[in-house]
Amino acid sequence: MKVSHAFPVRLAAVSALSIAALVAAAPAMSQSRTPRQTVAAGAMQINRVAFEGNSKLKGAQIAPEMSLQDRGVFTADKAQSDVERIREIYRRNGRGAAKVSYRTVNLPNGKIDVVYTIDEGDKTGIKSIEFVGNSAYSASKLRGLMQSTEMNFLSWVKSTDVYDADRIAADQELIRRYYQRNGYADFRIVSTDVRFDAERGGYYITMTVDEGPQYRVGEIRIDSRLGNVDPARLNRHLRLSPGDVYDGAAMERSLEEITREAARQGYAFAQVRPRGDRNPGANTINLNLTVDDGPRVYIERINVRGNTRTRDYVIRREFDLGEGDAYNRILLDRAERRLNNLGYFKKVRITNEPGSSPDRVIVNVDVEDQSTGSFSISGGYSTSDGFLAELSVTETNFLGRGQYVRLAVSNGQRSRGIDFSFTEPYFMDRRLAAGFDLFHKQTDNSKYSRYENWVTGGTIRFGVPITEEITISPRYSLYSSKIKIPNEAAKPFNDCSFPIDGTTPGYGSLAGVTLSEYYNCLANGEASLAIKEAQGTRLTSMPGYSLQYNSLDNVKTPTRGIYAELRQDIAGLGGNSRFIRTTGDIRVYREIIDDVVGFVRLQGGNITGFGNEKLRIVDNFNLGPSLVRGFAPGGIGPRDISNPIDTKSNPLGGTTYFGGSVEVQFPIWGLPREIGLKGAVFADAGTLFGYKGTKEFSAYLNLPAGAPCVGTNVAPRYTQGNCITVADDRKIRSSVGASLIWNSPLGPIRFDWAYPLTKGKYDVTQFFRFSGGTSF
């Protein structure tokens with residue numbers, strides 16, 4: 001700062017002619033300065049303006065807003081003004097604590113460099129987000145729609161509370177689209193005031209909105225001015241009907257589908273011009289869609305800019321049109337939404353500029369890549385799997401090619417495994433997803449049953465979109481499953497057949513073994529003969545498919561829409577297994593009142609064996625809390641009750657199940673929404689039945705054919721017989737309960753308390769269930 005004040009004193013004694021001579025002595029600078037500037041006596045000319053210490057914002061972003069520029073005239077007032085301007089730029093970009101100073105550097109030619117030194121500091125958080133003018137939805141609801149959040153005690157594990165101007169702009173669009181999806185066609189954000197409070201160390205954001213009235217759809221009329229296009233044929237592409245609450249997103253999809261239908265009928269330049277005639281008295285909006293042949297404008301070129309990592313073709317394939325095709329704004333908007341939904345970019349912007357002739361247009365696609373990889377160490381606990389840890393690496397844009405890759409290794413108290421997944425979303429350059437999964441998993445079921453299971457294999461899968469909501473996914477799976485019954489001091493589940501003390505009793509003789517020893521092999525827990533027969537390894541070769549319908553507004557936290565899935569697998573294309581398995585699942589979500597969401601779920605399934613192969617235990621449906629909460633894993637359905645000492649530890653599984661659930665989720669009032677805590681109440685009902693496996697095991701025990709059926713613990717054997725008794729009924733099990741759900745920054749965690757209302761005699765209940773995990 002002292003140097004900058006000394007310079008004017010010296011220059012004040014120099015004549016204007018001397019200054020001109022000094023300038024002429026620097027030929028390199030005078031050659032680059034056009035036009036020539038006249039410098040007043042006593043003023044200093046700037047050679048260049050430079051920035052140091054900045055990494056988050058580049059000099060090219062700051063320089064255009066400076067009042068001092070290269071080859072300009074320096075004044076201390078302007079320099080200080082630029083210091084404040086730089087601080088304001090950093091405030092707008094979430095770094096309100098940035099410190100800025102400047103200095104001047106004397107050059108031999110009499111000019112100076114102006115250098116701004118910047119200490120960017122850390123990003124600054126958002127203290128408050130408030131709304132003015134909202135009445136239909138609470139401020140809490142609107143904050144919940146935003147990616148940005150307020151600072152709270154979780155700030156140490158999240159970054160969404162850091163002010164980001166681009167994220168706020170994206171939040172405004174989310175809010176706008178939400179209002180328009182719910183009938184507020186006139187909604188607009190009047191202003192957004194962002195104020196940085198240095199004393200409180202954070203940003204205060206106030207959004208002023210004008211909601212307007214909520215509209216319902218009145219009449220819908222399609223006026224086709226295309227000769228061969230029948231309006232009645234276009235009606236089937238409408239996503240809205242008279243009487244519906246107006247939905248801007250459904251309107252957009254309607255315009256897209258009508259445009260595509262007109263193109264299929266030979267009108268590549270077709271335009272759909274919507275007009276909404278509002279009736280304020282009735283709060284209805286009449287929709288008039290005019291389908292006309294638009295101006296014959298072609299796309300000369302599509303420029304993709306800003307992608308430093310993502311390949312060009314990954315971006316271009318999201319467009320339903322290409323260079324040389326007819327220009328269509330609706331299809332470009334659709335491509336922009338697709339690119340935003342990929343999650344590869346911080347921002348996407350599509351603009352136009354005139355081409356080389358009046359009928360040509362250039363499309364510019366500006367993107368900014370963002371990080372798409374993640375490394376996570378997860379840990380958790382559930383009542384079914386015990387403590388569990390997982391290490392995973394995920395990349396959703398592998399090598400910039402748009403491919404999904406995931407490798408995960410898990411190790412837990414009762415399970416361990418490894419999984420690898422790969423997905424190519426555009427197989428053979430078509431909108432056809434293809435991928436494969438490789439897996440190995442070892443599960444110890446001995447807490448709820450009497451065996452351990454190993455599964456190793458892989459799946460090849462495809463995803464074929466039929467419409468925006470409907471997808472069919474064929475697949476082929478090949479896996480080996482192994483059942484083993486543990487037989488050791490801690491888990492003596494096969495000691496009736498193989499006594500741990502080495503004594504091998506004969507079938508018809510006590511052979512010196514006491515009755516107590518025979519009896520104890522049942523008392524300490526024994527696997528069912530059905531499980532013993534299923535021991536060993538079996539190969540399953542199984543083609544199948546899934547048919548999915550998804551109209552959910554949000555996949556992770558839906559508030560409305562329908563998700564339905566039909567799955568069918570046929571085992572028998574080689575291998576040892578022979579069965580047909582069919583399952584169905586449908587869920588309907590609806591927002592009851594602000595922030596309170598209800599959903600209804602129906603599910604069911606059936607498995608049928610064919611050929612000479614019997615269904616094994618692991619092929620059957622073994623269900624519990626996934627069907628009716630309040631029951632342990634494997635706690636519902638057929639089970640072997642032959643051992644009167646232990647009637648609940650040998651579930652056999654069933655071939656048919658069905659059930660339903662009703663749940664209402666609500667925020668926990670008084671807690672900040674971004675904490676992610678919700679409460680829920682629920683009611684479940686369902687049943688599992690239909691054991692089709694063997695009940696007589698003379699062949700397995702090497703007994704003569706036609707041996708009489710001897711039950712368990714009957715003299716003179718006092719051990720397992722050659723037959724089992726199966727409890728198998730169709731009784732409807734039901735329960736009610738409450739849940740605490742935490743969608744934490746470290747992973748989803750759920751606590752369920754359930755009380756069974758109806759149950760079978762031998763069912764196993766479970767009042768409390770906890771499941772969850774963390775990532776850090």
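Mentor: Helices (H or I, at least four residues) and strands (E, at least two) are DSSP runs, numbered from the N terminus. This is a predicted model, where local features need pLDDT of at least 70, side-chain atom pairs count only at pLDDT 80 or more, and totals for chains, interfaces and linings use all residues. Residues are numbered from 1 along each chain as its sequence is written, and side-chain values use heavy atoms, with hydrogens and water left out.

Start with the loops. Asp-429 sits between strand E17 (415-424) and strand E18 (433-444). Its phi is positive, about 60°, although Asp-429 is not a glycine. Most residues other than glycine have a negative phi. Asp-429 is exposed, at 75% relative accessible area (buried is under 20%, exposed over 50%, partly exposed in between; 1.4 Å probe, protein chains only).

Leu-399 lies in the loop from strand E15 (386-398) to strand E16 (403-412). Leu-399, not a glycine either, has a positive phi of about 55°. Leu-399 is partly exposed, with 45% relative accessibility.

Now the patch. A nonpolar surface patch with about 900 Å² of accessible area together includes Ile-466, Tyr-549 and Val-662. Strands E20 (470-484), E21 (536-550), E22 (561-571), E23 (579-593) and E24 (596-609) each give two or more residues to the nonpolar patch. Patch members have over 30% relative accessible area and no salt bridge; like charges are joined within 9 Å, nonpolar side chains (Val, Leu, Ile, Met, Phe, Trp, Tyr) within 5 Å. A salt bridge puts a side-chain nitrogen of Lys or Arg within 4 Å of a carboxyl oxygen of Asp or Glu. Areas follow the Shrake-Rupley method with a 1.4 Å probe; for residues, only the protein chains shown count as cover.

Ile-466 lies in the loop between strand E19 (452-465) and E20. Ile-466 is exposed, with 54% relative accessible area.
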